[in-house]
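Visitor: Hi, I'm new to this one. Could you walk me through it?

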Amino acid sequence: SLLFGLGLLYLGLSILPQGLRSLLRFAGFLSDRERGSECLRVAASLMQGPRGHLAALVLSLYHMDLEPDVQEAGRLLTSYLRVSPECVLFHWAASILAWRYSCLGDAVFLINKALWCCGDSLSWRACYLRYELGVFHFIDLNWTQAAEMLRGVYAMTRRSDDKLLLPYKGLLVAQLAAVEFQLGNTLRGQELCRECALIGDAAGGSRVCQEFGRLAMTCLTRADQHQFAFEVMYALKQFSRLPPNMLERLHSRIGPATTAVDNLSELELVELVSALMLRACILFHMGDLPRAMEIVPTLTRVCLDFRLPSWAVFLRVHGLYWCGRLHHVNEDKEMAIKCLRKAKSSKKHIFGIAHKISVVLQSLEAEPD
């Protein structure tokens with residue numbers, strides 16, 4: 001227990017902001033990530049009692065994020081699942097590991113196993129496990145299963161007698177709205193979008209809820225709400241974690257993208273930019289340059305030459321960013337820099353990527369001609 005306590009203390013202090021660590025050092029609290037992980041490693045290797053289980057759990061999560069080591073994280077979880085095959089926390093952690101490395105089917109299986117381990121009396125109250133399972137189904141485009149899980153979690157958050165802490169409730173509401181749109185429940189989806197916006201506008205609301213609230217509000221004026229689900233996935237940076245076969249399936253579900261843009265209305269241009277931006281991002285992650293360059297010229301032209309509503313500026317900025325990345329891969333440095341400079345000039349929009357744009361732009365400008 002002493003090793004676990006010391007390890008958790010050293011490791012916890014090491015991930016605090018530098019300014020806070022300096023203050024704690026004056027109070028006699030030292031941070032030492034290496035020593036902390038070593039204490040946890042020894043505690044986990046003993047496999048004795050609940051402290052050993054917690055040490056292995058914390059250490060496996062540490063190796064998923066702070067010091068990535070998939071083999072070590074997998075070894076710890078596998079070892080302890082042999083000892084405690086019905087431990088909910090280890091199945092949950094294993095599902096996170098599977099998802100991090102693009103094994104979505106395994107992640108769904110492990111979360112279902114974690115719910116089974118909860119037993120009938122607790123599984124229906126396992127809010128966080130059910131939310132995670134709903135998100136996995138959402139990413140896998142299984143809208144019916146996603147709706148079942150997310151509706152259940154949403155109902156739990158509405159019960160006044162159930163003191164449930166869900167950090168990003170606005171995100172849950174946005175995801176559920178996207179699912180309702182996919183299932184054809186437009187009025188219910190719009191109702192949830194309004195609720196999401198109210199959560200985002202609430203005093204003290206997190207930036208995540210604020211941005212998803214503003215994104216949800218765009219659905220009330222847009223021509224096609226089906227695209228909202230894919231924009232939510234994109235905003236959560238899920239595309240980079242998907243294997244090529246899932247990216248291909250996702251690419252096929254995104255709305256049609258025409259190259260005839262001159263006679264489109266403003267709202268039709270918004271849907272076009274959304275579809276082209278999402279497709280460009282997916283094809284970039286697939287490494288499919290030939291197909292990407294079939295749509296990038298149109299996306300570049302629309303983002304540079306056409307005016308979009310103020311609430312859709314983020315689509316133009318992200319579209320220009322992916323155009324810049326793909327033009328660079330296509331060895332058109334001049335156009336890549338033009339797109340990135342234009343994207344950088346836009347301020348005050350949701351899901352800002354100014355830092356990413358600056359990093360890529362600086363690297364391009366530093367390259368020799």
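Visitor: What sort of model am I looking at, and how do I read the numbers?

Guide: This is a predicted model, where local features need pLDDT of at least 70 and side-chain atom pairs count only at pLDDT 80 or more, while totals for chains, interfaces and linings use all residues. Residues are numbered from 1 along each chain as its sequence is written, and side-chain values use heavy atoms, with hydrogens and water left out.

Visitor: How many helices and strands does the protein chain have?

Guide: There are 20 helices and zero strands. Helices (H or I, at least four residues) and strands (E, at least two) are DSSP runs, numbered from the N terminus.

Visitor: And what does the C-alpha trace span along its principal axes?

Guide: About 70 × 55 × 40 Å. The radius of gyration is 23 Å, which agrees with the value near 21 Å that a compact globule of 369 residues would have. That radius is taken over C-alpha atoms, and the globule rule is 2.2 Å times the number of residues to the power 0.38.

Visitor: What share of the residues is buried?

Guide: Buried residues make up 51% of the 369 in the protein chain. Buried means under 20% relative accessible area, exposed over 50%, and partly exposed in between (1.4 Å probe, protein chains only).

Visitor: Which residues have the most contacts inside the largest nonpolar core?

Guide: Phe138, Phe212, Phe228 and Phe239, in a core of 125 residues. Its largest share, twelve residues, comes from helix α16 (residues 266-286). A nonpolar core here is a set of buried Ala, Val, Leu, Ile, Met, Phe, Trp, Tyr and Cys residues joined through side-chain atoms within 4.5 Å. In soluble globular proteins, nonpolar side chains tend to be buried together.

Visitor: What does phenylalanine 138 touch?

Guide: Not counting residues up to four places away in sequence, phenylalanine 138 touches Trp143, Ala146, Gln175, Ala178, Val179, Ala229, Val232 and Met233.

Visitor: What follows α14?

Guide: Lysine 237, whose phi is positive, near 60°. Lysine 237 lies in the loop between α14 and α15 (244-253) and counts as exposed because its relative accessibility is 62%.

Visitor: Where is lysine 348, and what is its phi?

Guide: Lysine 348 is in the loop between α19 (333-345) and α20 (354-366). Its phi is near 55°, a positive value in a residue other than glycine. Lysine 348 has 84% relative accessibility, so this residue counts as exposed.

Visitor: Switching topic, is histidine 137 buried or exposed?

Guide: Buried, because its relative accessibility is 12%. Histidine 137 lies in helix α9 (residues 127-139) and touches Val108, Asn142, Gln145 and Ala146, leaving out residues up to four places away in sequence.

Visitor: And where's valine 108?

Guide: Valine 108 is in helix α7 (residues 104-118). At 16% relative accessibility, valine 108 counts as buried too. Beyond neighbours within four places in sequence, valine 108 is in contact with Leu133, Phe136 and His137.

Visitor: One last stop: what is cysteine 303 in contact with?

Guide: Val273, Arg316, Gly319 and Leu320, leaving aside neighbours within four places in sequence. Cysteine 303 is found in helix α17 (residues 289-305) and is buried, with a relative accessible area of 1%. From cysteine 303 to aspartate 369 is 66 residues in sequence and 26 Å in space, C-alpha to C-alpha.

Notes: Contact means heavy atoms within 4.5 Å.
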